[in-house]
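Have a look at the sequence and the model below.

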Amino acid sequence: MNITFIAPPAAGKGTQSKKISKKYNLEHISTGDLLRNITDNSIKEKIDKGQFVSDEVISDLLKQKLKEVGPKGYVLDGFPRNINQAKLYEEMLKELNIKLGIIIVLDIDKEIALKRITGRRICPACGAVFNDLFEDTRAKIEGVCDNCGHNLVSRADDNEETFEKRYQIYLKETAPLIEYFKDNVYHVDSSINADYTFKQIEKIMGGVYDKY
Ligand code: AMP
């Protein structure tokens, strides 16, 4: 079973991907994380400014990762992000004999997404995510990870200016994928909280697991 997310920045695709991969024993593939692990400065600069890395760079990285993952199902978090990437992805799947699976679209208002971005704090040691601006996801001690005690950090691209750029790119380039993949698309309301979002995803998974 493969799941791909289409979501505006800060809709919670990273959080949901982690929850799904844990519950359904799927590999979590985050193209943002794949890129952040590369030390190349030109890539780092693009990410920090909210710009896209080239379609070729990202699709080569993903292809390599899919080969490593093998037959295990996966949750794809961050790709494809435009129609060209969708076409490259379909070619890749054909070549590697992998099924597309389902596409989950996380629906969220822009204002809520912005709050999630500016309040987001991440643990660089264990990957846990917190948010200073929402009571239910705030770290118990400000700036300290609940899980491992490491100091929390903000991602360099988590600021209002970068959000606005990324949001506009999402509307222009990524949102058209909803129509492109319409036969496989499932919509989920991601504006309330992570648990409610996950409940809706579990419901979808219950209904489609055998079909894909
Ligand atoms: P994310 O962690 O998914 O929010 O991605 C962080 C950043 O990585 C994005 O703002 C882009 O700069 C870059 N990135 C991630 N996935 C892609 C992709 N599929 N195409 C181009 N750039 C990407």
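## Around the ligand

A polar side-chain atom of Thr31 sits 2.9 Å from a nitrogen atom of the ligand. That is a polar contact, meaning a pair of N or O atoms within 3.5 Å; within protein, one must be able to donate a hydrogen and the other to accept it, and residues adjacent in sequence count only if both atoms are side-chain atoms. For Arg166, the distance from a polar side-chain atom to a ligand oxygen is 2.5 Å. On its own the ligand would expose 490 Å², and the protein buries 97% of that (accessible areas come from the Shrake-Rupley method with a 1.4 Å probe; for residues, only the protein chains shown count as cover).

How many residues surround the ligand? There are 16, and the closest are Lys13, Gln51, Gly78, Arg81 and Arg166; a residue counts here if one of its heavy atoms lies within 4 Å of the molecule. Sorted by class, this shell has 6 nonpolar, 5 polar and 5 charged residues. Nonpolar covers Ala, Val, Leu, Ile, Met, Phe, Trp, Tyr, Cys and Pro, charged covers Asp, Glu, Lys and Arg, and the others, Gly among them, are polar. Helix α2 (residues 31-36) gives the most to the shell, with 4 residues. Helices (H or I, at least four residues) and strands (E, at least two) are DSSP runs, numbered from the N terminus.

## Reading the model

Keep in mind that this is a predicted model, where local features need pLDDT of at least 70 and side-chain atom pairs count only at pLDDT 80 or more, while totals for chains, interfaces and linings use all residues. Residues are numbered from 1 along each chain as its sequence is written, and side-chain values use heavy atoms, with hydrogens and water left out.

## Aromatic pairs

A search of the whole structure turns up 4 aromatic pairs. In one of them, the ring centres of Tyr167 and Tyr170 are 6.4 Å apart with the planes at 40°, so this pair is tilted. The rule is that rings of Phe, Tyr and Trp (its six-membered ring) pair if their centres lie within 6.5 Å; planes under 30 degrees apart count as stacked, over 60 as edge-to-face and the rest as tilted. Tyr167 and Tyr170 are about one helical turn from each other because they lie 3 residues apart in helix α7 (residues 160-174). Tyr167 is buried at 10% relative accessible area, and Tyr170 is buried at 8% (buried means under 20% relative accessible area, exposed over 50%, partly exposed in between, with a 1.4 Å probe and protein chains only).

Now for Tyr180 and Phe181: their ring centres are 5.0 Å apart and their planes meet at 90°, so they make an edge-to-face pair. Tyr180 is partly exposed at 31%, whereas Phe181 is buried at 4%. Ring pairs also link Phe163, Tyr167 and Tyr170 into a cluster.

## The nonpolar core

Phe181 shows up again in the largest nonpolar core, which has 27 residues. Such a core is a set of buried Ala, Val, Leu, Ile, Met, Phe, Trp, Tyr and Cys residues joined through side-chain atoms within 4.5 Å. Which members touch the most others? They are Ile29, Leu62, Leu66, Tyr74, Tyr89 and Phe181. The elements giving two or more residues to this core are α2, α3 (41-49), α4, β3 (74-77), α5 (83-96) and β4 (102-107). Helix α4 gives the most, with 5 residues. In soluble globular proteins, nonpolar side chains tend to be buried together.

Lys67 belongs to helix α4 (residues 55-69) and is exposed, at 54% relative accessible area. Its C-alpha atom is 7.7 Å from that of Leu96, a residue 29 positions away along the chain. Val69 is in helix α4 as well, but Val69 is buried at 13%.

## Backbone details in the loops

Phe79 and Pro80 are joined by a cis peptide bond, with omega about -5°. Pro80 lies in the loop between β3 and α5.

Asn25 has a positive phi, near 55°, despite not being a glycine. Asn25 sits in the loop between α1 (13-24) and β2 (27-30) and is exposed at 55%. Asn97 also has a positive phi, of about 60°. Asn97 is in the loop between α5 and β4, and is exposed at 73%.
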